[in-house]
Amino acid sequence: MKKFAISVKHLAACAAIGTAWAHPAVAQDAPIKTVFLEKTDGAQNVTVKATGTVCSLIWLDNAQNNSFSISIGKTVITSQIILFSTENIGEHAGQMTLRRLTTDGIKSVTTQFSKGVAGRFEDIVLYKYIASLYRLGLDFSVLEQSGDLLLQTDTDGPAIFSFRGVLRDEAVEALGTCLASQAQHWTMEQGTDM
């Protein structure tokens, strides 16, 4: 595979556009945005913000040229993960497996992901993969115990998303603060109730 570098600016723009695309009501209303954390350690960049009633953690990995955004809102509809990678994995609406490193070992969930193109940079394609946090069994309490992510199918991938270290801990803490600032937020206990 050709080595290249997508700028942090491009990845951040894709993550912001992806979040707005996934949550059109949030983008349309243009509610007040509050930033809880915006930081880099040189290898990764993180932003944690609230836009209206949706808290988002946006993680950009400069070394691996990928990123992801976890959004948690008041409902199951506004709570999802968007992964951005140059790895071409699976088909749109196909079954993909997300593995995550936890304090209890590796946990895997296979579910349906939406797939699309987030952007093109010269001859490089950046893909986006979107899934419901509910289908992944991933709410904030689970995220607190999770680290690195890996997305693949039986034949494609993996795309690896590093999510570790002091910056990861600060990002998760900031997301918890963001969620605590909301009147309510979605959890697995709430399930698909709206």
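## Disulfide

The structure, which is a predicted model, holds one disulfide, a term used here for a pair of cysteine sulfur atoms within 2.5 Å. The bond is formed by C55 and C178, whose sulfur atoms are 2.1 Å apart, and it links distant parts of the chain, with C55 in strand β3 (residues 54-61) and C178 in helix α5 (residues 165-180), 123 residues apart. Helices (H or I, at least four residues) and strands (E, at least two) are DSSP runs, numbered from the N terminus.

Because the torsion about the S-S bond of C55 and C178 is about -90 degrees, the disulfide is left-handed. Both C55 and C178 are buried, where buried means under 20% relative accessible area, exposed over 50% and partly exposed in between, computed with a 1.4 Å probe on protein chains only.

## Sheet

Ten strands form an open sheet with antiparallel pairing, in the order β1-β2-β3-β4-β5-β8-β7-β6-β9-β10; two strands pair if DSSP finds at least two bridges between them. At the edges stand β1 (33-40) and β10 (159-161), each of which has a single partner strand, so one side of each is left without a neighbour in the sheet.

Within the sheet, strand β4 (residues 66-72) and strand β5 (residues 80-85) pair in the antiparallel sense over five bridges, and S67 has F84 in β5 as its bridge partner.

## Aromatic contacts

Four aromatic pairs are found in a search of the whole structure, the rings being those of Phe, Tyr and Trp (its six-membered ring), with centres within 6.5 Å and with planes under 30 degrees apart counted as stacked, over 60 as edge-to-face and the rest as tilted. One of them, F68 and F161, is edge-to-face, at 6.4 Å centre to centre and 85 degrees between the planes. Since F68 lies in strand β4 and F161 in strand β10, the pair ties together parts that are 93 residues apart in sequence. F68 is buried, with a relative accessible area of 1%, and F161 also counts as buried at 1% relative accessibility. W59, F68, F161 and F163 form one aromatic cluster.

Y127 and Y129 form a tilted pair, 6.5 Å centre to centre with 35 degrees between the planes, and both Y127 and Y129 are buried. K115 lies over the face of Y127, at 5.0 Å from the ring centre; for such a contact, NZ of Lys or CZ of Arg must be within 6 Å of the ring centre and within 35 degrees of the ring normal.

## Basis of the values

Residues are numbered from 1 along each chain as its sequence is written, and side-chain values use heavy atoms, with hydrogens and water left out. In this predicted model, local features need pLDDT of at least 70 and side-chain atom pairs count only at pLDDT 80 or more, whereas totals for chains, interfaces and linings use all residues.
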